[in-house]
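The sequence and the structure are shown first, and the description follows.

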Amino acid sequence: MTKKTRSMFDYLSDKTERPYLMAALDGKLDDTGRLAYAKFLDYLDPSRAEWVRLEVKLNSQATDDVNVHRRYGALGREIGYDFLRMMRRRDIFNCGKATNEPRRVRFSFVCERRWETLHPTDDPHVRHCNTCASRVYQCATVPEAEAHARAGHCIAVSQDLVHDGAGRNYDNMVGRPDPIGDWVEKMFPEN
């Protein structure tokens, strides 16, 4: 008999778990908070606790170890998409697979990869995507993200940075930024 995956509403209905999840949804659950949450989950749901610890580890230090990536993926399937979506924090923009995709407003490609699943390089702020054979640059500021996007690089940014840069509340946008579409929107906001 397989264990039924709980829904987002099940997780949020637990008053002791809710503060962790709300902090994650608001983009305010840092690594220390995530590890405290994992400790809280140890007895409640060991699979989610292990996944959170792996996510923290992979976010700060990528690995080429296939077994680690397999375990991370297997746990993700076990705990379910609702939980993963709540805990997601870094998105990949400008995915190299999009080089032949038509332009769309604002983003011209949607990428499925996450920072924590990419392979490490000598630079801790750059990782390699084996899917599209591109380097992905982690950006801490809007000007840095803009410079990399204009150069056609794949970028990883936090949800907070997307919100600050766009001036709107976007949820988990992933893709290839379209600087031309962005400039048009800034120059002609009424159109």
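A residue is called buried when its relative accessible area is under 20%. The model discussed here is predicted.

**Helix α2**

In helix α2 (residues 18-25), the buried residues are Leu-21, Ala-23 and Ala-24. Viewed down the axis of α2, these residues fall within an arc of 160°, so they line one face of the helix. The elements that cover the buried residues of α2 include α1 (8-13), α3 and α6. Just after α2, Gly-27 adopts a positive phi of about 75°.

**Helix α3**

Helix α3 consists of 14 residues and reaches 20 Å from its first C-alpha to its last, close to the 20 Å expected at 1.5 Å a residue. Its buried residues are Gly-33, Arg-34, Tyr-37, Ala-38 and Leu-41. Seen down the axis of α3, they fall within an arc of 140°, so they too line one face of the helix. The exposed residues Thr-32, Lys-39 and Tyr-43 are carried on the face of α3 turned away from its buried side. Among the elements covering the buried residues of α3 are α2, α4 and α6.

**Aromatic pairs**

A pair of aromatic rings is described by the distance of the centres and the angle of the planes. In this model the count comes to 7 aromatic pairs. One of them is formed by Tyr-37 and Phe-40, which are stacked, with 6.3 Å from centre to centre and 20° between the planes. Both residues lie in helix α3 (residues 31-44), 3 residues apart, about one turn of the helix. Tyr-37 is buried, with a relative accessible area of 0%, whereas Phe-40 counts as partly exposed at 27%.

Trp-51 and Phe-83 form an edge-to-face pair, because their ring centres are 5.9 Å apart and their planes stand at 75°, over the 60 degrees that this class requires. This pair links distant parts of the chain: Trp-51 belongs to helix α4 (residues 46-60) and Phe-83 to helix α6 (residues 81-87), 32 residues apart.

| Residue | Relative accessible area | Class |
|---|---|---|
| Tyr-37 | 0% | buried |
| Phe-40 | 27% | partly exposed |
| Trp-51 | 4% | buried |
| Phe-83 | 0% | buried |

Finally, ring pairs join Tyr-11, Tyr-20, Tyr-37, Phe-40, Trp-51, Tyr-72 and Phe-83 into a cluster.

Definitions and conventions
Residues are numbered from 1 along each chain as its sequence is written. This is a predicted model: local features need pLDDT of at least 70, side-chain atom pairs count only at pLDDT 80 or more; totals for chains, interfaces and linings use all residues. Side-chain values use heavy atoms; hydrogens and water are left out. Rings of Phe, Tyr and Trp (its six-membered ring) pair if their centres lie within 6.5 Å; planes under 30 degrees apart count as stacked, over 60 as edge-to-face and the rest as tilted. Helices (H or I, at least four residues) and strands (E, at least two) are DSSP runs, numbered from the N terminus. Buried means under 20% relative accessible area, exposed over 50%, partly exposed in between (1.4 Å probe, protein chains only). The arc is that of the directions from the helix axis to the C-beta atoms. Contact means heavy atoms within 4.5 Å. The expected span of a helix is 1.5 Å times one less than its number of residues.
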